[in-house]
Amino acid sequence: MDVKDSDMEQELAWQVPLYEQIHRNPELGLAEHATSAAAADLLARWGFDVRHFGRTGVVGVLANGAGSCVLARADMDALPVTEATGATYASANPGVMHACGHDMHVVALLGAAKYLAEHREAWQGTYIALLQPAEETAAGSQAMLDDGLAAGIPRPDIALAQHVMPTQVGTIGTTPGPVLSAGDSIRITVHGRGAHGSMPHKSVDPVVLAASIVLRLQTVVSRETTPGEFAVLTVGSVNAGATANIIPDRAELLLNLRTYSLEVRAGMIAAIERIVRGECAAAGSPQEPEFEYYDQYPLTSNNPEANARVTEAFTRTFGADAVYRTAPQTASEDFSRIPDAFGIPYVYWIVGSVPPDIYRRAVEAGRVDTDIPANHSPFFLPAVDPTLRIATQAQATAALAYLGADAG
């Protein structure tokens, strides 16, 4: 069954107001109460068996005979960003904004769920619509799993997810293998010996120690990672002391890592710990350093066979010119924890959201990075139509690649 443009156009009449409502009323992770309630109400209205996991997570299960079981996921949470788009439906919640397109993901998934509920004659199997909280803090998928998700829903055969990005609207990017990086944040505390600022000889200065560590860490990517392997190591914060004439007794460093390979990730972590311990020993630190790992995102790596199947369905629906092979993105996601918990393959793809004329002008001028607001920018605002229509169509098309009469 093909999902036609005309089928999606008529859905925009309810989808656009819902999208604007959610955009206007953004909610942070694990506090998506209104968004969750709206989604649950609609899914129940369309005949889904609605279940709740992870505080604000919502799952709708629609059984339609024997066949494959497809899980499609959308994230719901907003960001602590003050909106600057000037949209008529801009955030009414000060300091909170849907700056990453999760509102679009929610409404597109609901649109696909409604489409499948109304066209049951054209497919068979089970469709699971999963709306996940707290993606931005890497906590939502794990919260749902901890609350019994894996035992509380039918076991899927395939999991699907998408993300709107600041690429040309009307295009869809897919790729086999890594599509989003693994992400790790590390809090490192190193210890010195405090003293009067005029008596440095009585101290073990953690400021100097932290500075040495920051410089030495720059060699992890440049000298310890194989050329051509993707790796990012950022020291985002160094904090020590509070006044000019006191040498403090400790310093804190905040690091962020991004990798496309679990082997590279393990090697970087080992190098970081070795360097920090070595510099502490060289400085005469009186206490071992402390490492706290947090906000950890798994690698998102598409199953090649499943990606090929979904890409073929997209090509039939949208045309070969609209579907391209995207490069892996340096951003991270927690979606893959859910299919990994079931031991099933998954596909994650990119949906463009920038009007073609604006995007082409930026490309021709070589100013995409400066002229096109990226995700998490206070100016990020997808073009509602046709982004919403295409994202809805993509979710339905991917599901029907496994559920449709010709799915095999």
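Buried, in this tour, means under 20% relative accessible area, exposed means over 50%, and partly exposed lies in between (1.4 Å probe, protein chains only). The model is predicted: local features need pLDDT of at least 70, side-chain atom pairs count only at pLDDT 80 or more, and totals for chains, interfaces and linings use all residues. Residues are numbered from 1 along each chain as its sequence is written, and side-chain values use heavy atoms, with hydrogens and water left out.

**Backbone geometry**

Select A134 first. A134 is not a glycine, yet its phi is positive, at about 50°. Most residues other than glycine have a negative phi, and most peptide bonds are trans. A134 sits in the loop between β4 (125-132) and α5 (140-146); helices (H or I, at least four residues) and strands (E, at least two) are DSSP runs, numbered from the N terminus. With a relative accessibility of 0%, A134 is buried.

Next, go to D295 in strand β13 (residues 290-297). Its phi is also positive, near 45°, but D295 is partly exposed at 38% relative accessibility.

Then select D385 and P386, which are joined by a cis peptide bond with omega of about 20°. P386 belongs to helix α14 (residues 384-403).

**The sheet**

Display the open sheet of eight strands, whose order is β1-β2-β4-β3-β5-β16-β6-β15 with mixed pairing. Two strands pair if DSSP finds at least two bridges between them. At the edges are β1 (49-53) and β15 (323-325), each pairing on one side only. From one strand to the next, the twist averages 25°.

Inside this sheet, focus on β3 (residues 69-75) and β5 (residues 158-168), which run parallel and are joined by four bridges. L71 has A159 in β5 as its bridge partner. Across β5 and β16 (346-354) lies helix α12 (residues 356-365), at about 65° to β5. Axes are lines fitted to C-alpha atoms, for helices over the stretch in contact, and angles run from 0 to 180 degrees between N-to-C directions.

**The core**

Which residues touch the most other members of the largest nonpolar core? Select L43, Y127, L160, F314 and W349, from a core of 62 residues. Helix α14 gives the most to this core, with twelve residues. A nonpolar core is a set of buried Ala, Val, Leu, Ile, Met, Phe, Trp, Tyr and Cys residues joined through side-chain atoms within 4.5 Å.

Finish on F314, whose contacts (heavy atoms within 4.5 Å) include I172, V323, W349 and A398, not counting residues up to four places away in sequence.
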